[in-house]
Amino acid sequence: MMNDMMTGFDLLQPTDLSSALDLLSRHGADAWPLAGGYDSFDWFKNRGKQPAVVIDLEGIEELRGVREGGPGPDGDRGVTIGAMTTLAAVEADPLIRSRYALLAAAAAQVASPQIRNAGTIGGNVCQDTRCWYYRYGMTCYRAGGNTCYAGAPGAMNREHAIFGADRCVAVTPSDVAPALVALDAEMIVRNARRETVVPAAEFFMPPGVDITRMTVLGERDLLTAIRVPGRWAGADFHFEKVADRKTWDFALVSVAAAVRVNGGVIEDARIVAGAVQCVPRRMTAVEDLVRGRPRDEETAEMAGELAVRGADPLDYNHFKIPLLGNLVKRAVRATS
Amino acid sequence: MSGHDPSWQGLLSPLPGGDALSRRGFIKSVIATGASVSAMSWFPAPQGAARGAVGRLISLEVNGRTRRVDVLPQETLAMTLRYKLGLTGTKLGCDRAECGACTVMIDGVAHYSCSTLTQRVRGREITTVEGLEGPGGELHPVQRAFIDELGPQCGFCTPGQVMAAAALLRANPNPTRDAARRAMSGNLCRCGAYDHYLNGVMRAAREASGAARATGAGEVSHG
(Lines give C-alpha, C1' and ligand atoms only; values in the text may rest on other atoms or scores of the structure.)
Protein backbone atom coordinates (compact mmCIF):
# COMPACT_ATOMS: atom_id res chain seq x y z
CA MET A 1 0.00 0.00 0.00
CA MET A 2 2.53 2.53 1.11
CA ASN A 3 4.57 2.86 -2.05
CA ASP A 4 2.04 1.91 -4.62
CA MET A 5 0.55 4.17 -7.24
CA MET A 6 -2.55 6.22 -7.05
CA THR A 7 -5.31 4.68 -9.10
CA GLY A 8 -5.41 5.89 -12.68
CA PHE A 9 -7.06 9.04 -13.90
CA ASP A 10 -6.97 11.13 -17.00
CA LEU A 11 -4.93 14.25 -16.40
CA LEU A 12 -6.07 17.40 -18.16
CA GLN A 13 -3.80 20.43 -18.11
CA PRO A 14 -5.72 23.44 -19.43
CA THR A 15 -3.69 26.60 -19.88
CA ASP A 16 -6.48 29.14 -19.47
CA LEU A 17 -9.35 29.56 -17.06
CA SER A 18 -12.24 29.33 -19.50
CA SER A 19 -10.97 25.95 -20.75
CA ALA A 20 -10.68 24.74 -17.18
CA LEU A 21 -14.24 25.84 -16.42
CA ASP A 22 -15.50 24.17 -19.59
CA LEU A 23 -13.74 20.95 -18.65
CA LEU A 24 -15.24 21.11 -15.17
CA SER A 25 -18.76 21.50 -16.63
CA ARG A 26 -18.19 18.75 -19.12
CA HIS A 27 -16.91 16.20 -16.62
CA GLY A 28 -19.01 17.27 -13.65
CA ALA A 29 -18.84 14.88 -10.73
CA ASP A 30 -16.14 12.77 -12.45
CA ALA A 31 -13.70 15.67 -12.34
CA TRP A 32 -11.38 16.77 -9.57
CA PRO A 33 -9.68 20.17 -9.79
CA LEU A 34 -6.07 19.90 -8.65
CA ALA A 35 -4.24 22.82 -7.02
CA GLY A 36 -1.10 22.10 -4.98
CA GLY A 37 -2.20 18.51 -4.47
CA TYR A 38 -1.48 18.11 -0.77
CA ASP A 39 -5.10 17.44 0.12
CA SER A 40 -5.91 15.65 -3.15
CA PHE A 41 -3.06 13.11 -3.13
CA ASP A 42 -3.88 12.00 0.40
CA TRP A 43 -7.36 11.16 -0.80
CA PHE A 44 -6.14 9.48 -3.98
CA LYS A 45 -3.37 7.46 -2.34
CA ASN A 46 -5.68 6.22 0.39
CA ARG A 47 -8.35 5.38 -2.20
CA GLY A 48 -10.72 7.73 -0.41
CA LYS A 49 -11.48 9.45 -3.70
CA GLN A 50 -10.91 8.03 -7.16
CA PRO A 51 -11.85 10.65 -9.74
CA ALA A 52 -11.86 9.64 -13.41
CA VAL A 53 -10.53 13.00 -14.53
CA VAL A 54 -8.13 15.34 -12.76
CA ILE A 55 -8.00 18.93 -13.98
CA ASP A 56 -4.60 20.38 -13.17
CA LEU A 57 -4.85 24.12 -12.58
CA GLU A 58 -1.10 24.70 -12.35
CA GLY A 59 -0.68 25.84 -15.95
CA ILE A 60 -3.28 28.62 -15.73
CA GLU A 61 -1.19 31.76 -15.42
CA GLU A 62 -4.18 34.04 -14.75
CA LEU A 63 -4.91 32.18 -11.49
CA ARG A 64 -1.51 33.03 -10.06
CA GLY A 65 -0.02 36.10 -8.46
CA VAL A 66 -0.81 39.03 -6.23
CA ARG A 67 -2.09 42.28 -7.75
CA GLU A 68 -2.67 45.65 -6.21
CA GLY A 69 -6.33 46.61 -5.99
CA GLY A 70 -9.24 45.05 -4.15
CA PRO A 71 -12.99 45.48 -3.87
CA GLY A 72 -14.98 48.36 -2.45
CA PRO A 73 -14.58 52.14 -2.22
CA ASP A 74 -11.04 51.94 -0.85
CA GLY A 75 -10.16 49.24 -3.37
CA ASP A 76 -6.86 50.78 -4.38
CA ARG A 77 -5.52 49.93 -0.96
CA GLY A 78 -6.61 46.31 -1.31
CA VAL A 79 -5.07 43.33 -3.06
CA THR A 80 -6.29 40.54 -5.31
CA ILE A 81 -4.68 37.14 -4.91
CA GLY A 82 -4.99 34.46 -7.57
CA ALA A 83 -6.24 31.20 -6.09
CA MET A 84 -3.22 29.28 -7.41
CA THR A 85 -0.71 31.58 -5.73
CA THR A 86 1.45 29.41 -3.53
CA LEU A 87 1.45 29.94 0.22
CA ALA A 88 5.19 30.66 0.01
CA ALA A 89 4.46 33.42 -2.51
CA VAL A 90 1.71 34.85 -0.29
CA GLU A 91 4.07 34.82 2.68
CA ALA A 92 6.84 36.54 0.71
CA ASP A 93 4.75 39.05 -1.22
CA PRO A 94 5.78 42.62 -0.35
CA LEU A 95 2.26 44.03 -0.81
CA ILE A 96 0.73 41.43 1.49
CA ARG A 97 3.52 41.80 4.02
CA SER A 98 3.15 45.56 4.18
CA ARG A 99 -0.67 45.74 4.19
CA TYR A 100 -1.89 42.41 5.53
CA ALA A 101 0.85 41.00 7.71
CA LEU A 102 -1.93 38.89 9.26
CA LEU A 103 -2.32 36.92 6.06
CA ALA A 104 1.44 36.57 5.56
CA ALA A 105 1.75 35.29 9.14
CA ALA A 106 -1.04 32.77 8.65
CA ALA A 107 0.39 31.51 5.35
CA ALA A 108 3.82 31.16 6.97
CA GLN A 109 2.41 28.76 9.55
CA VAL A 110 0.83 26.28 7.17
CA ALA A 111 2.35 22.79 7.19
CA SER A 112 6.03 22.71 6.17
CA PRO A 113 8.28 24.77 3.85
CA GLN A 114 8.06 22.24 1.02
CA ILE A 115 4.28 22.13 1.28
CA ARG A 116 4.09 25.92 1.23
CA ASN A 117 6.24 25.92 -1.90
CA ALA A 118 3.59 23.95 -3.77
CA GLY A 119 0.41 24.38 -1.72
CA THR A 120 -1.80 27.24 -2.83
CA ILE A 121 -3.96 29.73 -0.98
CA GLY A 122 -7.01 28.50 -2.89
CA GLY A 123 -6.28 24.89 -2.09
CA ASN A 124 -5.67 25.73 1.52
CA VAL A 125 -9.09 27.30 2.00
CA CYS A 126 -10.88 24.65 -0.08
CA GLN A 127 -9.27 21.62 1.55
CA ASP A 128 -11.45 19.00 3.15
CA THR A 129 -11.60 18.48 6.87
CA ARG A 130 -9.00 16.33 8.58
CA CYS A 131 -11.34 14.39 10.88
CA TRP A 132 -9.59 11.04 10.65
CA TYR A 133 -12.72 8.97 10.92
CA TYR A 134 -13.92 10.70 7.79
CA ARG A 135 -10.51 10.65 6.07
CA TYR A 136 -10.17 6.97 6.89
CA GLY A 137 -13.24 6.31 4.78
CA MET A 138 -15.83 5.68 7.49
CA THR A 139 -19.38 6.18 6.23
CA CYS A 140 -20.11 9.06 8.56
CA TYR A 141 -22.70 11.79 8.00
CA ARG A 142 -20.21 13.79 5.99
CA ALA A 143 -19.54 10.79 3.76
CA GLY A 144 -23.25 10.19 3.21
CA GLY A 145 -23.84 7.81 6.12
CA ASN A 146 -25.98 8.21 9.21
CA THR A 147 -23.64 8.48 12.17
CA CYS A 148 -20.71 10.50 13.47
CA TYR A 149 -17.86 8.33 14.69
CA ALA A 150 -15.88 11.24 16.14
CA GLY A 151 -18.73 12.36 18.37
CA ALA A 152 -19.57 8.88 19.64
CA PRO A 153 -18.82 7.94 23.28
CA GLY A 154 -15.14 7.14 23.71
CA ALA A 155 -14.22 8.46 20.28
CA MET A 156 -10.87 10.16 19.80
CA ASN A 157 -11.95 13.72 19.35
CA ARG A 158 -9.18 15.79 20.87
CA GLU A 159 -8.90 17.84 17.65
CA HIS A 160 -12.61 18.29 17.04
CA ALA A 161 -15.18 21.05 17.46
CA ILE A 162 -16.25 22.88 20.59
CA PHE A 163 -18.79 25.03 18.76
CA GLY A 164 -21.49 24.64 16.17
CA ALA A 165 -21.46 20.88 15.81
CA ASP A 166 -24.47 19.66 13.88
CA ARG A 167 -24.19 15.86 13.56
CA CYS A 168 -20.61 16.41 12.25
CA VAL A 169 -17.98 17.55 14.79
CA ALA A 170 -15.13 18.13 12.32
CA VAL A 171 -13.28 21.46 12.25
CA THR A 172 -11.95 23.73 9.54
CA PRO A 173 -8.27 22.81 9.04
CA SER A 174 -7.17 26.00 7.28
CA ASP A 175 -4.78 28.48 8.89
CA VAL A 176 -5.39 31.02 6.18
CA ALA A 177 -9.20 30.96 6.40
CA PRO A 178 -9.54 32.75 9.76
CA ALA A 179 -7.18 35.48 8.50
CA LEU A 180 -9.24 35.96 5.34
CA VAL A 181 -12.48 36.17 7.33
CA ALA A 182 -10.88 38.69 9.68
CA LEU A 183 -9.83 40.83 6.70
CA ASP A 184 -13.38 40.81 5.24
CA ALA A 185 -12.00 39.16 2.10
CA GLU A 186 -14.14 38.26 -0.89
CA MET A 187 -13.94 34.94 -2.68
CA ILE A 188 -14.38 35.02 -6.44
CA VAL A 189 -16.17 31.85 -7.52
CA ARG A 190 -16.56 31.01 -11.19
CA ASN A 191 -18.15 28.34 -13.28
CA ALA A 192 -18.69 28.17 -17.01
CA ARG A 193 -21.84 30.29 -16.73
CA ARG A 194 -21.19 32.98 -14.17
CA GLU A 195 -19.00 34.65 -11.61
CA THR A 196 -20.17 34.97 -8.02
CA VAL A 197 -18.59 37.01 -5.26
CA VAL A 198 -18.89 35.39 -1.85
CA PRO A 199 -17.78 37.05 1.39
CA ALA A 200 -15.14 34.86 3.06
CA ALA A 201 -17.37 34.55 6.13
CA GLU A 202 -20.05 32.90 3.98
CA PHE A 203 -17.71 30.83 1.81
CA PHE A 204 -17.35 28.08 4.39
CA MET A 205 -20.22 25.63 4.77
CA PRO A 206 -21.66 24.77 8.18
CA PRO A 207 -22.73 21.11 8.52
CA GLY A 208 -26.25 22.21 9.38
CA VAL A 209 -26.62 23.61 5.87
CA ASP A 210 -24.76 20.99 3.81
CA ILE A 211 -22.91 18.34 5.72
CA THR A 212 -21.15 16.87 2.68
CA ARG A 213 -19.03 19.87 1.73
CA MET A 214 -16.74 22.34 3.41
CA THR A 215 -17.35 25.35 1.15
CA VAL A 216 -20.08 26.77 -1.05
CA LEU A 217 -18.28 25.43 -4.14
CA GLY A 218 -20.35 23.08 -6.26
CA GLU A 219 -18.72 20.43 -8.39
CA ARG A 220 -18.53 22.73 -11.42
CA ASP A 221 -17.27 25.76 -9.49
CA LEU A 222 -13.75 27.03 -9.02
CA LEU A 223 -12.42 29.52 -6.54
CA THR A 224 -10.41 31.73 -8.89
CA ALA A 225 -9.27 34.63 -6.73
CA ILE A 226 -9.43 36.19 -3.31
CA ARG A 227 -9.87 39.93 -3.01
CA VAL A 228 -8.92 41.71 0.16
CA PRO A 229 -10.46 45.16 0.68
CA GLY A 230 -8.41 48.11 1.84
CA ARG A 231 -10.45 48.43 5.04
CA TRP A 232 -7.98 46.59 7.23
CA ALA A 233 -4.75 47.45 5.42
CA GLY A 234 -2.03 48.25 7.93
CA ALA A 235 -4.22 47.55 10.99
CA ASP A 236 -2.85 45.98 14.17
CA PHE A 237 -2.75 42.29 13.48
CA HIS A 238 -2.32 39.23 15.61
CA PHE A 239 -2.14 35.64 14.41
CA GLU A 240 -1.47 32.74 16.68
CA LYS A 241 -1.68 29.04 15.97
CA VAL A 242 -1.28 26.36 18.58
CA ALA A 243 -0.58 22.85 17.36
CA ASP A 244 1.09 19.77 18.80
CA ARG A 245 4.08 20.33 16.53
CA LYS A 246 5.42 23.60 15.19
CA THR A 247 5.64 22.23 11.67
CA TRP A 248 3.32 20.16 9.48
CA ASP A 249 0.60 20.07 12.06
CA PHE A 250 -2.92 21.37 11.82
CA ALA A 251 -4.06 23.87 14.42
CA LEU A 252 -5.64 22.79 17.68
CA VAL A 253 -6.82 26.38 17.94
CA SER A 254 -5.82 29.40 15.91
CA VAL A 255 -6.86 33.01 16.29
CA ALA A 256 -6.61 35.77 13.70
CA ALA A 257 -7.35 39.33 14.74
CA ALA A 258 -7.37 42.71 13.05
CA VAL A 259 -7.74 45.70 15.34
CA ARG A 260 -7.96 49.44 14.70
CA VAL A 261 -6.94 51.51 17.67
CA ASN A 262 -7.26 55.26 18.01
CA GLY A 263 -5.89 57.02 21.08
CA GLY A 264 -5.72 53.74 22.99
CA VAL A 265 -9.37 52.96 22.26
CA ILE A 266 -10.40 50.09 20.00
CA GLU A 267 -12.34 51.58 17.10
CA ASP A 268 -13.14 48.30 15.43
CA ALA A 269 -11.96 44.72 15.44
CA ARG A 270 -12.30 41.38 13.73
CA ILE A 271 -11.53 38.31 15.79
CA VAL A 272 -11.80 34.92 14.17
CA ALA A 273 -10.85 31.46 15.44
CA GLY A 274 -9.86 28.39 13.45
CA ALA A 275 -10.10 24.71 14.38
CA VAL A 276 -12.86 25.19 16.97
CA GLN A 277 -15.83 24.79 14.63
CA CYS A 278 -16.52 23.42 11.17
CA VAL A 279 -16.16 26.91 9.74
CA PRO A 280 -13.87 29.76 10.81
CA ARG A 281 -15.58 31.18 13.89
CA ARG A 282 -15.99 34.90 13.72
CA MET A 283 -16.64 36.10 17.25
CA THR A 284 -18.92 39.07 16.66
CA ALA A 285 -19.96 39.22 20.32
CA VAL A 286 -16.33 39.70 21.30
CA GLU A 287 -15.86 42.30 18.59
CA ASP A 288 -18.91 44.19 19.87
CA LEU A 289 -17.58 43.98 23.40
CA VAL A 290 -14.15 45.40 22.64
CA ARG A 291 -15.34 48.13 20.27
CA GLY A 292 -15.07 51.48 22.04
CA ARG A 293 -13.11 50.08 24.96
CA PRO A 294 -9.49 50.84 25.79
CA ARG A 295 -7.07 48.21 24.60
CA ASP A 296 -5.99 47.09 28.02
CA GLU A 297 -5.78 44.08 30.28
CA GLU A 298 -9.34 44.39 31.54
CA THR A 299 -10.79 44.42 28.03
CA ALA A 300 -8.59 41.49 27.05
CA GLU A 301 -9.74 39.55 30.10
CA MET A 302 -13.41 40.09 29.30
CA ALA A 303 -12.87 39.24 25.64
CA GLY A 304 -11.22 35.94 26.58
CA GLU A 305 -14.11 35.02 28.84
CA LEU A 306 -16.77 35.94 26.32
CA ALA A 307 -15.01 34.09 23.49
CA VAL A 308 -15.64 30.70 25.03
CA ARG A 309 -19.16 31.23 26.23
CA GLY A 310 -21.45 28.53 24.88
CA ALA A 311 -18.63 26.12 24.09
CA ASP A 312 -19.80 22.53 24.03
CA PRO A 313 -16.79 20.25 24.25
CA LEU A 314 -16.56 16.56 23.40
CA ASP A 315 -14.91 13.89 25.55
CA TYR A 316 -11.31 14.85 24.83
CA ASN A 317 -11.21 18.47 23.75
CA HIS A 318 -12.11 20.46 26.87
CA PHE A 319 -8.61 21.89 26.73
CA LYS A 320 -9.63 23.94 23.71
CA ILE A 321 -11.82 26.15 25.92
CA PRO A 322 -9.06 27.77 28.01
CA LEU A 323 -6.78 27.67 24.96
CA LEU A 324 -9.22 29.67 22.85
CA GLY A 325 -9.94 32.04 25.75
CA ASN A 326 -6.24 32.71 26.25
CA LEU A 327 -5.52 33.19 22.56
CA VAL A 328 -8.35 35.70 22.25
CA LYS A 329 -7.12 37.48 25.36
CA ARG A 330 -3.65 37.74 23.87
CA ALA A 331 -5.01 38.94 20.54
CA VAL A 332 -6.92 41.76 22.21
CA ARG A 333 -4.03 42.62 24.49
CA ALA A 334 -1.36 42.49 21.77
CA THR A 335 0.33 45.74 20.82
CA SER A 336 2.37 44.78 17.79
CA MET B 1 -9.88 37.00 -13.41
CA SER B 2 -11.99 38.44 -16.17
CA GLY B 3 -11.58 38.88 -19.90
CA HIS B 4 -13.00 35.51 -20.78
CA ASP B 5 -16.33 34.96 -22.39
CA PRO B 6 -18.02 32.54 -20.01
CA SER B 7 -19.97 30.89 -22.80
CA TRP B 8 -20.32 27.25 -23.60
CA GLN B 9 -18.70 27.38 -27.02
CA GLY B 10 -15.41 26.12 -25.62
CA LEU B 11 -17.10 22.77 -25.20
CA LEU B 12 -16.97 22.17 -28.92
CA SER B 13 -13.55 23.56 -29.72
CA PRO B 14 -10.21 21.85 -29.13
CA LEU B 15 -8.05 22.83 -26.19
CA PRO B 16 -6.08 25.99 -26.87
CA GLY B 17 -2.32 26.25 -26.85
CA GLY B 18 -1.53 23.97 -29.77
CA ASP B 19 -0.92 21.24 -27.23
CA ALA B 20 -2.07 18.38 -29.43
CA LEU B 21 0.20 19.28 -32.33
CA SER B 22 3.34 19.62 -30.29
CA ARG B 23 2.57 16.43 -28.42
CA ARG B 24 2.13 14.52 -31.66
CA GLY B 25 5.40 15.95 -32.95
CA PHE B 26 7.09 15.01 -29.75
CA ILE B 27 5.84 11.44 -29.71
CA LYS B 28 7.07 11.03 -33.28
CA SER B 29 10.50 12.24 -32.31
CA VAL B 30 10.61 9.89 -29.36
CA ILE B 31 9.65 6.92 -31.47
CA ALA B 32 12.21 7.91 -34.12
CA THR B 33 15.06 8.10 -31.63
CA GLY B 34 13.90 5.13 -29.61
CA ALA B 35 15.47 6.81 -26.62
CA SER B 36 12.54 6.72 -24.28
CA VAL B 37 12.60 4.69 -21.10
CA SER B 38 9.54 2.71 -21.98
CA ALA B 39 7.01 0.86 -19.93
CA MET B 40 4.68 0.50 -22.89
CA SER B 41 4.66 -3.26 -22.80
CA TRP B 42 3.80 -3.36 -19.09
CA PHE B 43 0.72 -1.20 -19.08
CA PRO B 44 -2.26 -1.46 -21.39
CA ALA B 45 -3.08 1.66 -23.37
CA PRO B 46 -5.61 3.80 -21.51
CA GLN B 47 -9.15 3.06 -22.57
CA GLY B 48 -11.26 6.00 -23.66
CA ALA B 49 -8.95 8.68 -22.29
CA ALA B 50 -10.59 12.09 -22.01
CA ARG B 51 -9.87 14.37 -24.94
CA GLY B 52 -6.86 16.57 -24.27
CA ALA B 53 -5.46 14.28 -21.56
CA VAL B 54 -1.68 14.31 -21.17
CA GLY B 55 0.48 11.96 -23.19
CA ARG B 56 2.76 9.45 -21.55
CA LEU B 57 6.01 9.93 -23.41
CA ILE B 58 7.56 13.04 -22.02
CA SER B 59 10.93 14.74 -21.56
CA LEU B 60 12.24 15.73 -18.16
CA GLU B 61 15.21 17.93 -17.36
CA VAL B 62 16.90 16.03 -14.57
CA ASN B 63 20.29 17.02 -13.17
CA GLY B 64 21.15 18.95 -16.30
CA ARG B 65 20.26 16.17 -18.73
CA THR B 66 17.17 15.65 -20.84
CA ARG B 67 15.63 12.32 -19.95
CA ARG B 68 12.86 10.78 -22.01
CA VAL B 69 10.51 8.67 -20.04
CA ASP B 70 7.10 7.00 -20.16
CA VAL B 71 5.06 8.49 -17.32
CA LEU B 72 1.54 7.64 -16.20
CA PRO B 73 -0.81 10.55 -15.50
CA GLN B 74 -1.01 9.69 -11.79
CA GLU B 75 2.69 9.01 -11.35
CA THR B 76 4.59 10.98 -8.75
CA LEU B 77 8.03 12.40 -9.38
CA ALA B 78 9.50 10.20 -6.64
CA MET B 79 8.28 7.11 -8.48
CA THR B 80 9.63 8.33 -11.81
CA LEU B 81 13.01 9.24 -10.38
CA ARG B 82 13.48 6.02 -8.47
CA TYR B 83 11.85 3.41 -10.64
CA LYS B 84 12.09 4.80 -14.18
CA LEU B 85 15.27 6.87 -14.08
CA GLY B 86 17.25 4.85 -11.53
CA LEU B 87 17.88 7.87 -9.31
CA THR B 88 17.44 6.07 -6.02
CA GLY B 89 19.17 8.77 -3.99
CA THR B 90 15.70 10.28 -3.59
CA LYS B 91 14.07 8.27 -0.80
CA LEU B 92 10.45 7.40 -0.29
CA GLY B 93 9.71 7.52 3.42
CA CYS B 94 6.04 8.14 4.07
CA ASP B 95 4.81 8.85 0.52
CA ARG B 96 2.42 11.31 2.21
CA ALA B 97 4.37 14.59 2.35
CA GLU B 98 4.96 14.03 6.04
CA CYS B 99 8.67 13.18 6.29
CA GLY B 100 10.74 15.03 3.68
CA ALA B 101 12.95 12.09 2.61
CA CYS B 102 11.83 12.61 -1.00
CA THR B 103 12.80 16.30 -1.13
CA VAL B 104 14.20 17.42 -4.49
CA MET B 105 14.68 20.81 -6.09
CA ILE B 106 12.36 21.95 -8.85
CA ASP B 107 13.68 25.12 -10.46
CA GLY B 108 15.90 25.47 -7.41
CA VAL B 109 13.07 25.28 -4.87
CA ALA B 110 12.57 22.40 -2.41
CA HIS B 111 9.57 20.19 -3.09
CA TYR B 112 8.33 16.82 -1.90
CA SER B 113 8.68 14.59 -4.96
CA CYS B 114 6.25 12.05 -3.46
CA SER B 115 3.50 14.63 -3.81
CA THR B 116 4.42 16.16 -7.15
CA LEU B 117 2.91 14.79 -10.34
CA THR B 118 5.70 14.08 -12.81
CA GLN B 119 3.47 15.37 -15.57
CA ARG B 120 3.48 18.73 -13.84
CA VAL B 121 7.24 19.23 -14.02
CA ARG B 122 7.74 18.85 -17.77
CA GLY B 123 10.16 21.57 -18.83
CA ARG B 124 11.19 22.40 -15.28
CA GLU B 125 14.65 21.90 -13.93
CA ILE B 126 14.73 18.95 -11.54
CA THR B 127 17.73 18.45 -9.26
CA THR B 128 18.14 15.36 -7.13
CA VAL B 129 20.90 14.56 -4.67
CA GLU B 130 22.78 12.88 -7.53
CA GLY B 131 22.85 16.21 -9.35
CA LEU B 132 24.65 18.14 -6.62
CA GLU B 133 28.14 16.83 -7.24
CA GLY B 134 30.74 19.10 -8.74
CA PRO B 135 32.31 18.60 -12.18
CA GLY B 136 35.02 16.33 -10.75
CA GLY B 137 32.63 14.38 -8.55
CA GLU B 138 33.27 16.56 -5.49
CA LEU B 139 30.66 16.68 -2.77
CA HIS B 140 28.40 19.69 -2.48
CA PRO B 141 29.41 22.04 0.38
CA VAL B 142 26.29 20.95 2.26
CA GLN B 143 27.27 17.29 1.95
CA ARG B 144 30.80 18.01 3.17
CA ALA B 145 29.49 20.02 6.09
CA PHE B 146 26.99 17.30 7.03
CA ILE B 147 29.86 14.80 7.18
CA ASP B 148 31.98 17.17 9.25
CA GLU B 149 29.11 17.79 11.68
CA LEU B 150 28.13 14.11 11.88
CA GLY B 151 24.69 14.79 10.46
CA PRO B 152 23.74 11.38 9.07
CA GLN B 153 23.27 8.49 11.45
CA CYS B 154 21.14 5.88 9.71
CA GLY B 155 21.26 8.17 6.69
CA PHE B 156 17.82 7.53 5.27
CA CYS B 157 16.66 11.13 5.64
CA THR B 158 20.01 12.55 4.54
CA PRO B 159 19.35 13.07 0.82
CA GLY B 160 16.21 15.00 1.70
CA GLN B 161 18.05 17.01 4.35
CA VAL B 162 20.80 17.77 1.83
CA MET B 163 18.31 18.98 -0.75
CA ALA B 164 16.40 21.14 1.74
CA ALA B 165 19.67 22.69 2.93
CA ALA B 166 20.98 23.22 -0.61
CA ALA B 167 17.71 24.89 -1.61
CA LEU B 168 17.90 27.16 1.43
CA LEU B 169 21.49 28.24 0.74
CA ARG B 170 20.63 28.86 -2.88
CA ALA B 171 17.92 31.31 -1.85
CA ASN B 172 19.68 32.66 1.21
CA PRO B 173 23.45 32.04 1.33
CA ASN B 174 23.79 33.46 4.85
CA PRO B 175 20.77 32.37 6.86
CA THR B 176 20.38 32.96 10.57
CA ARG B 177 20.22 29.80 12.64
CA ASP B 178 16.51 30.38 13.12
CA ALA B 179 15.92 30.80 9.39
CA ALA B 180 17.85 27.59 8.79
CA ARG B 181 15.86 25.77 11.44
CA ARG B 182 12.67 26.91 9.82
CA ALA B 183 13.84 25.94 6.33
CA MET B 184 14.81 22.48 7.56
CA SER B 185 11.57 21.97 9.46
CA GLY B 186 9.97 20.00 6.63
CA ASN B 187 12.42 17.11 7.00
CA LEU B 188 12.09 14.50 9.72
CA CYS B 189 15.06 12.59 11.14
CA ARG B 190 14.13 9.60 13.22
CA CYS B 191 17.65 9.39 14.63
CA GLY B 192 17.03 12.86 16.00
CA ALA B 193 20.19 14.40 14.54
CA TYR B 194 18.47 17.73 13.95
CA ASP B 195 21.09 19.84 15.71
CA HIS B 196 23.84 18.11 13.76
CA TYR B 197 22.12 18.85 10.48
CA LEU B 198 21.52 22.41 11.60
CA ASN B 199 25.19 22.80 12.52
CA GLY B 200 25.96 21.41 9.07
CA VAL B 201 23.79 23.99 7.34
CA MET B 202 25.48 26.81 9.25
CA ARG B 203 28.93 25.38 8.54
CA ALA B 204 28.15 25.03 4.84
CA ALA B 205 26.98 28.65 4.74
CA ARG B 206 30.13 29.80 6.56
CA GLU B 207 32.49 27.79 4.41
CA ALA B 208 30.80 28.76 1.17
CA SER B 209 30.96 32.45 2.02
CA GLY B 210 34.58 32.01 3.12
CA ALA B 211 35.38 30.32 -0.17
CA ALA B 212 33.59 33.06 -2.05
CA ARG B 213 35.65 35.70 -0.25
CA ALA B 214 38.86 33.77 -0.89
CA THR B 215 38.23 33.51 -4.62
CA GLY B 216 36.79 37.00 -4.79
CA ALA B 217 33.65 35.64 -6.40
CA GLY B 218 30.10 35.33 -5.16
CA GLU B 219 29.93 31.77 -6.33
CA VAL B 220 30.24 28.59 -4.32
CA SER B 221 33.48 26.91 -5.28
CA HIS B 222 33.66 23.16 -5.45
CA GLY B 223 36.74 21.34 -4.20
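This is a predicted model: local features need pLDDT of at least 70, side-chain atom pairs count only at pLDDT 80 or more; totals for chains, interfaces and linings use all residues.

Entry 1: I looked up B:Leu150, whose phi is near 55°, a positive value in a residue other than glycine. Is B:Leu150 buried or exposed? I counted 12 C-beta neighbours inside 10 Å, so B:Leu150 falls in the exposed class. B:Leu150 belongs to the loop between helix H3 (141–148) and helix H4 (158–171) of chain B. I then turned to A:Ala275, where phi is also positive, near 65°, in a residue other than glycine. This residue sits in the loop between strand E11 (265–274) and strand E12 (281–282) of chain A. A:Ala275 is buried, because 30 other C-beta atoms lie within 10 Å.

**Entry 2: chain B as a whole.** I listed six helices and five strands in chain B. Read from the N terminus, its elements follow the order α-β-β-α-β-β-β-α-α-α-α. Of the 223 residues in chain B, 40% are buried. Taking the contacts in chain B between residues at least 6 apart in sequence, I found that 60% join residues at least 24 apart.

**Entry 3: the domains of chain B.** The domain assignment divides chain B into domain 1 (19–43 + 54–131) and domain 2 (141–215). How many residues does each domain of chain B give to the contact? Domain 1 gives 15 residues and domain 2 gives 13 residues. On the domain 1 side, strand E3 (103–106) and strand E4 (109–112) of chain B each supply at least two residues. E3(B) gives the most to that side, with three residues. By class, I recorded eight nonpolar, six polar and one charged residue on the side of domain 1 that touches domain 2.

**Entry 4: the interface between the chains.** I found 43 residues of chain A in contact with 38 residues of chain B. The elements of chain A that give two or more residues to its side include helix H1 (17–27), helix H2 (40–45) and strand E8 (222–228). The chain A side has 18 nonpolar, 13 polar and 12 charged residues.

**Entry 5: the nonpolar core.** Which residues touch the most other members of the largest nonpolar core? They are A:Ile55, A:Leu102 and A:Leu183, in a core of 166 residues. H4(B) gives the most to this core, with eight residues. The core lies between domain 1 (19–43 + 54–131) and domain 2 (141–215) of chain B, because both give residues to it.

**Entry 6: a sheet in chain A.** I traced an open sheet of three strands in chain A, in the order E1-E3-E2 and with parallel pairing. E1 and strand E2 (31–34) of chain A are at the edges, each with a single partner strand, so one side of each has no neighbour in the sheet. From one strand to the next, the twist averages 25°. E1(A) and E3(A) run parallel and are joined by three bridges. In this pairing, A:Leu11 stands opposite A:Val54 of E3(A).

Terms used: Residues are numbered from 1 along each chain as its sequence is written. Chains are lettered from A and ligands numbered from 1 in the order in which they are written. Two residues are in contact if their C-beta atoms, placed from the backbone, lie within 7 Å. Helices (H or I, at least four residues) and strands (E, at least two) are DSSP runs, numbered from the N terminus. Ala, Val, Leu, Ile, Met, Phe, Trp, Tyr, Cys and Pro count as nonpolar, Asp, Glu, Lys and Arg as charged, and the others, Gly among them, as polar. Domain bounds come from an automatic or database domain assignment. A residue is buried if 20 or more other C-beta atoms lie within 10 Å of its own, exposed if 12 or fewer, and partly exposed in between; C-beta atoms are placed from the backbone. A nonpolar core is a set of buried Ala, Val, Leu, Ile, Met, Phe, Trp, Tyr and Cys residues joined through C-beta atoms within 7 Å. Two strands pair if DSSP finds at least two bridges between them. Axes are lines fitted to C-alpha atoms, for helices over the stretch in contact, and angles run from 0 to 180 degrees between N-to-C directions.
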